[in-house]
Amino acid sequence: MRHELPKLPYAYNALEPYIDTQTMELHHSKHHAGYVDKLNAALEKVPSEVREKPVDELIRSLNDVPDEIRAPLRNFGGGHYNHSLFWTVLKPSAQGGGGEPEGEIAKAIDRDFGAFASFKEEFDKIATSLFGSGYAWLVVDDSGKLSVLPTQNQDCPLTNGLRPILVIDVWEHAYYLKYQNRRPEYVAAWWNIIDWEEVENKLKV
Ligand code: MN3
């Protein structure tokens, strides 16, 4: 099975002014595409039963694969999965992205964080203070409880048995052209383009 770069559900310029066109184009067509290519190359060297797994399964079972292929699968499989998820939880502000969640996801956030404002504060803290490259996540555990956590590099919560439903990429390539060293400004802008309906869909799965 060859993994493929997913098409974005919006144009490269659709998330302006929060994420600029050039960043989106490079991030998707170069960075994400590079992870897909390297994942496919790494998978040529693994047993066929590993090669045929979908990317989420690969990452979930990372601790069971042979040592010599774990690092490339972790980095390139994670790079593919994490970016794929990141694109799907974004929505142009003009089409209803951003704002506060409603429905089941709003109830779950209130239940597990006390209020949307407390969740946002906790998430912001993780996204802005993560050292180096990585992601901030909203995840669901086996009991359905929500929590937030950071991961380094291309690590993914799936490997630890958690189900991610919202993520922000805080690698410098995700924001540096527009925001340079001002990561908190990028994180603040990102709240205007979250697709809360999609986050709720992922919660319900
Ligand atoms: Mn990235």
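The structure is a predicted model, in which local features need pLDDT of at least 70, side-chain atom pairs count only at pLDDT 80 or more, and totals for chains, interfaces and linings use all residues. Residues are numbered from 1 along each chain as its sequence is written, and side-chain values use heavy atoms, with hydrogens and water left out. Helices (H or I, at least four residues) and strands (E, at least two) are DSSP runs numbered from the N terminus. Val140 stands opposite Leu146 in S2. The hairpin of S1 and S2 has 5 residues between the strands, and in this hairpin Gly144 takes a positive phi near 90 degrees.

Helix H5 (residues 103-113) contains the buried residues Ile105, Ala106, Ala108, Ile109, Asp112 and Phe113; buried denotes under 20% relative accessible area, exposed over 50%, and partly exposed the range in between (1.4 Å probe, protein chains only). Viewed down the axis of H5, these buried residues fall within an arc of 165 degrees and therefore line one face of the helix, the arc being that of the directions from the helix axis to the C-beta atoms. Exposed Lys107 and Arg111 are carried on the face of H5 turned away from its buried side. The cover over the buried residues includes H6, S1, S2, S3 and H9, with contact defined as heavy atoms within 4.5 Å. Gly114, which follows H5, has a positive phi near 95 degrees.

A search of the whole structure finds 14 aromatic pairs. Rings of Phe, Tyr and Trp (its six-membered ring) pair if their centres lie within 6.5 Å; planes under 30 degrees apart count as stacked, over 60 as edge-to-face and the rest as tilted. The pair of Phe116 and Trp191 is edge-to-face, because the ring centres are 6.1 Å apart and the planes stand at 90 degrees. Phe116 belongs to helix H6 (residues 116-129) and Trp191 to the loop between helix H8 (183-190) and helix H9 (196-204), so this pair ties together parts 75 residues apart in sequence. Both Phe116 and Trp191 are buried. By contrast, Tyr175 and Tyr186 form a stacked pair, at 5.0 Å centre to centre with 20 degrees between the planes. Tyr175 lies in the loop between strand S3 (163-169) and helix H7 (176-179), and Tyr186 in helix H8. Tyr175 counts as buried at 4% relative accessibility, as does Tyr186 at 1%. Ring pairs also link Phe113, Phe116, Phe119, Phe123, Trp190, Trp191 and Trp196 into a cluster.

Terms used
Pairing = 2+ DSSP bridges.
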